Amino acid sequence: MDNNSITYSVKDLFFSYGRHEVIKNLSFDLHKGKITTLIGANGCGKSTLFQLMTKNLKPNGGEILLGGRRLADIRLKDLAREAAIVHQYNTAPDDLTVEKLISYGRTPYHTLGISSNAEEDEEKIKWAMEITHTAKHKDKPVAELSGGQKQRVWIAMALAQDTKILFLDEPTTYLDIRYQLQILKLIRKLNRELGLTIIMVLHDINQSFYYSDEIIAMKDGRIIAQGQPEQVITTELVKEVYDVALQIRSANGRPFILPV
């Protein structure tokens with residue numbers, strides 16, 4: 001594939017917590033405009049990889065490139081103008097309103113806490129609320145919202161950063177199925193309509209299948225498969241990654257996964 005389509009490159013990456021090696025010689029590329037999902041059993045290293053790619057951890061070896069530049073050489077403030085991150089666990093003060101929280105997404109463009117373009121900030125905040133359907137809650141404290149509404153607000157804050165890359169760490173965790181599907185549909189909309197490159201971690205195999213352009217499957221700190229969902233998610237792969245026997249079936253042309 002054309003190198004111009006590559007946004008992230010991971011080369012010979014290693015990471016350890018003390019003597020415990022978690023990431024073992026990983027190399028792969030991520031491509032612009034795609035939804036790439038990391039899957040794997042708990043402890044496989046996917047969350048650590050996520051932290052390395054968002055510069056929350058430093059690798060012990062190898063390197064990560066963003067747009068051809070070494071991630072290690074990019075300042076955090078500059079990275080925040082390139083990539084926005086929605087973490088798995090998010091908290092906000094009880095009295096913080098939705099609009100105020102979303103406005104924090106403009107922080108990377110401020111100097112000493114002062115905006116150089118207040119009008120642009122206002123436009124981006126308004127746009128982020130509109131596209132995530134959170135404008136109607138703008139004056140409410142975030143603490144009063146439901147789980148799904150809160151997740152939309154955190155995504156709105158990330159969108160206000162006005163980046164081309166969006167990282168999402170288990171965005172559907174702790175949500176009921178209705179909100180899970182709403183968030184996943186929103187993610188796909190952001191990708192299809194805005195061209196955002198999205199990298200996310202998911203636990204649900206069926207959701208990974210339907211809402212991803214590419215899958216990276218991990219086990220024991222290594223990548224054991226990467227490619228389109230229909231190529232990667234097979235009965236054999238699921239058995240190897242999760243040590244569980246599942247079968248992939250099709251109904252009305254749509255595959256789904258069931259226990260054996």
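Reply: A residue is called buried when its relative accessible area is under 20%, exposed when it is over 50%, and partly exposed in between, using a 1.4 Å probe and protein chains only. The model is predicted, so local features need a pLDDT of at least 70 and side-chain atom pairs count only at pLDDT 80 or more, whereas totals for chains, interfaces and linings use all residues. Residues are numbered from 1 along each chain as its sequence is written, and side-chain values use heavy atoms, with hydrogens and water left out.

The interior is described here through its nonpolar cores. A nonpolar core is a set of buried Ala, Val, Leu, Ile, Met, Phe, Trp, Tyr and Cys residues joined through side-chain atoms within 4.5 Å. In soluble globular proteins, nonpolar side chains tend to be buried together. The largest core in this model has 35 residues, and Ile-102, Leu-166 and Leu-190 have the most contacts inside it. At least two residues of this core come from each of strand E6 (83–86), helix H3 (98–103), helix H4 (118–131), helix H5 (147–160), strand E9 (165–169), helix H6 (177–194) and strand E10 (197–201). Helices (H or I, at least four residues) and strands (E, at least two) are DSSP runs, numbered from the N terminus. H5 gives the largest share of the core, eight residues. A second, separate core has 27 residues, including Ala-83, Phe-167, Ile-199 and Met-218.

Contact means heavy atoms within 4.5 Å. With neighbours within four places in sequence left aside, Leu-190 is in contact with Ile-131, Ile-155, Leu-159, Leu-166, Gly-195, Leu-196 and Ile-198. Ala-156 lies in H5 and is buried, with a relative accessible area of 0%. Leaving aside neighbours within four places in sequence, the contacts of Ala-156 are Ile-102, Ala-128, Thr-132 and Thr-134. Ala-156 and Ala-135 are 21 residues apart along the chain, and their C-alpha atoms are separated by 9.9 Å.

The helix pairs come next. Two packed helices are described by the angle between their axes and the distance between the axes. Axes are lines fitted to C-alpha atoms, for helices over the stretch in contact, and angles run from 0 to 180 degrees between N-to-C directions. H4 and H5 pack at about 140 degrees, with axes 8 Å apart. This angle makes H4 oblique to H5; angles under 35 degrees count as roughly parallel, over 145 as roughly antiparallel, 65 to 115 as roughly perpendicular, and the rest as oblique. The crossing of H4 past H5 is right-handed; a crossing is right-handed if the near helix is turned clockwise from the far one by less than a right angle, and left-handed if anticlockwise. From H4, Lys-124, Trp-127, Ala-128 and Ile-131 meet Ala-156, Leu-159 and Ala-160 of H5. The residues of this contact of H4 with H5 divide into six nonpolar, no polar and one charged. Here Ala, Val, Leu, Ile, Met, Phe, Trp, Tyr, Cys and Pro count as nonpolar, Asp, Glu, Lys and Arg as charged, and the others, Gly among them, as polar.

H5 also packs against H6, at an angle of about 20 degrees and with axes 9 Å apart. These two helices are therefore roughly parallel to each other, and H5 passes H6 in a right-handed crossing. H5 contributes Gly-148, Gln-151, Arg-152, Ile-155 and Leu-159 to the contact, while H6 contributes Tyr-179, Gln-182, Ile-183, Leu-186 and Leu-190. The residues of this contact of H5 with H6 divide into six nonpolar, three polar and one charged.

Helix H1 (residues 46–53) is mostly covered as well, with six of its eight residues buried: Lys-46, Thr-48, Leu-49, Phe-50, Leu-52 and Met-53. Just after H1, Lys-55 takes a positive phi of about 65 degrees.

Most residues other than glycine have a negative phi, and most peptide bonds are trans. Leu-112, in the loop between strand E7 (110–111) and strand E8 (114–115), has a positive phi near 55 degrees and is exposed, at a relative accessible area of 83%. Tyr-174, in the loop between E9 and H6, has a positive phi of about 70 degrees although it is not a glycine, and it counts as exposed at 68% relative accessibility.
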